[in-house]
Amino acid sequence: YSFCTLLARMPPKDGYDIPEWRSEVNFEMPEGSNVHVITKDTAGVVGVGKAKPKEGGDVAFTIKNGVVTAKNCNERVEYSVVVTLPEVARCKNAEGGDWGMTWYTTDSDNEMVDIFTFVIHLPPLTYIKPFTVSEKHTMTSLRRKGAGWAAIPNTPHPCPLPDTPFLLIGFPITGPPDQAWRCGQGFSGGLTHYGDVNCHSVDFECEEGTSVTAVLPGIVTAAEDSHEGSGGHIMHLFSGYNQVIVAHEDGTEACYLHLLKDSILVSVGQHVKKGQHLASTGSVGFAPWPHIHFQLNKSSTTANKDEVGASVPFVFESTNKPFVPVAGYDYTTNGRVMS
């Protein structure tokens, strides 16, 4: 199916519980997680200004005399810079206050290491000086201690919301009757749910070992659960997160991420039924807290079979009103828990 054909087959959004989510704040950081999201309006940043077009490439991240600068020189595209710095950087805000640290482990060494991780959202032609570090450090010296950064373009979705219809699917986790899970990040969440590939994603905080279930029938196209590294280091952002991917007849594929090591019960090529147990939740990959990351994408039409296509908006089935979760609220498999 082409993406346009696929959308034509989806139900309209009328009658669904779909709130306004298009905001950088559609995420909630659990206490102690301390991955910091910074925009030009964040209190405590050292400075904000206008960048010159194409000065030194699209995006730069530098440290000079202890002042950190993230710069976007692209005239049209917004970027998000994800950066991890070691504890010795001693990151401070404009008032000299400490930024809280998060942690990470690796596959080879389960020792927990304290770090600073930031997600810096940069509009076109903008620089942000988000914090300072100890003046003795440069980016080169900090890289030797495990620092790293990456720039992610916030590519516009090919079918802009809110006009795109939504696909109706089952819930990706199960538990005891009336079990509720907190939505930690929803559609277009400012932590990691941006760009055309990831903007239609949801995270549910849940205990490790929670059952992950298929939202639609399909064929397993990926099953990887050999990793155990965890936490908020950028090294985990693009790989090592343990996943199951299931391709559906309608041309979409469901991605279930951050799965517990050695918990996957299906294999590539296997047909699965809707509601079938696939694996167990964990906190593997870029996961400073235990959760399941779920998203739908159109199947890749490129020669690179590992490339995931544009994300597909969806709603979860309910005996009440189908719903799209929003960060900061608790949900059962039947919808939002009303306080």
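Reader: Which residues have the most contacts inside the largest nonpolar core?
Author: First, this is a predicted model, with local features needing pLDDT of at least 70 and side-chain atom pairs pLDDT 80 or more, while totals for chains, interfaces and linings use all residues. Residues are numbered from 1 along each chain as its sequence is written, and side-chain values use heavy atoms, leaving out hydrogens and water. A nonpolar core is a set of buried Ala, Val, Leu, Ile, Met, Phe, Trp, Tyr and Cys residues joined through side-chain atoms within 4.5 Å. The largest one here has 37 residues, and those with the most contacts inside it are I169, F204, Y256, F294 and F316.

Reader: Which elements give two or more residues to this core?
Author: They're strands, meaning DSSP runs of E with at least two residues, numbered from the N terminus. The list is β10 (167-169), β12 (181-185), β13 (201-205), β16, β17 (252-257), β19, β20 (291-298) and β21 (314-316).

Reader: What does I169 touch, not counting residues up to four places away in sequence?
Author: Touching, or contact, means heavy atoms within 4.5 Å. By that cut-off, I169 touches V215, L216, F294, L296, F314, V315, F316 and E317.

Reader: Which strands stand at the edges of the open sheet of nine strands?
Author: Strands pair if DSSP finds at least two bridges between them. The antiparallel order is β18-β15-β16-β17-β20-β13-β12-β22-β23. Each edge strand has a single partner, so one side of each is left without a neighbour in the sheet; these strands are β18 (271-272) and β23 (335-336).

Reader: How many bridges join β17 to β20?
Author: These two run antiparallel. One place to look is T252, which stands opposite K298 in β20. The number of bridges joining β17 to β20 is six.

Reader: And in the sheet of three strands, which are the edge strands?
Author: That open sheet is antiparallel, in the order β11-β14-β19. The edge strands pair on one side only: β11 (173-174) and β19 (277-280).

Reader: Is S230 buried or exposed?
Author: S230 is found in the loop between β15 (218-224) and β16 (243-247). Buried means under 20% relative accessible area, exposed over 50%, and partly exposed in between, using a 1.4 Å probe and protein chains only. S230 has 5% relative accessibility, so it counts as buried.

Reader: Which residues does S230 touch, not counting residues up to four places away in sequence?
Author: A polar atom of its side chain lies 3.3 Å from the backbone oxygen of A287. Altogether, S230 touches W103, Y104, T105, H236, S283, V284, G285 and A287.

Technical notes: Helices (H or I, at least four residues) and strands (E, at least two) are DSSP runs, numbered from the N terminus. A polar contact is a pair of N or O atoms within 3.5 Å; within protein, one must be able to donate a hydrogen and the other to accept it, and residues adjacent in sequence count only if both atoms are side-chain atoms.
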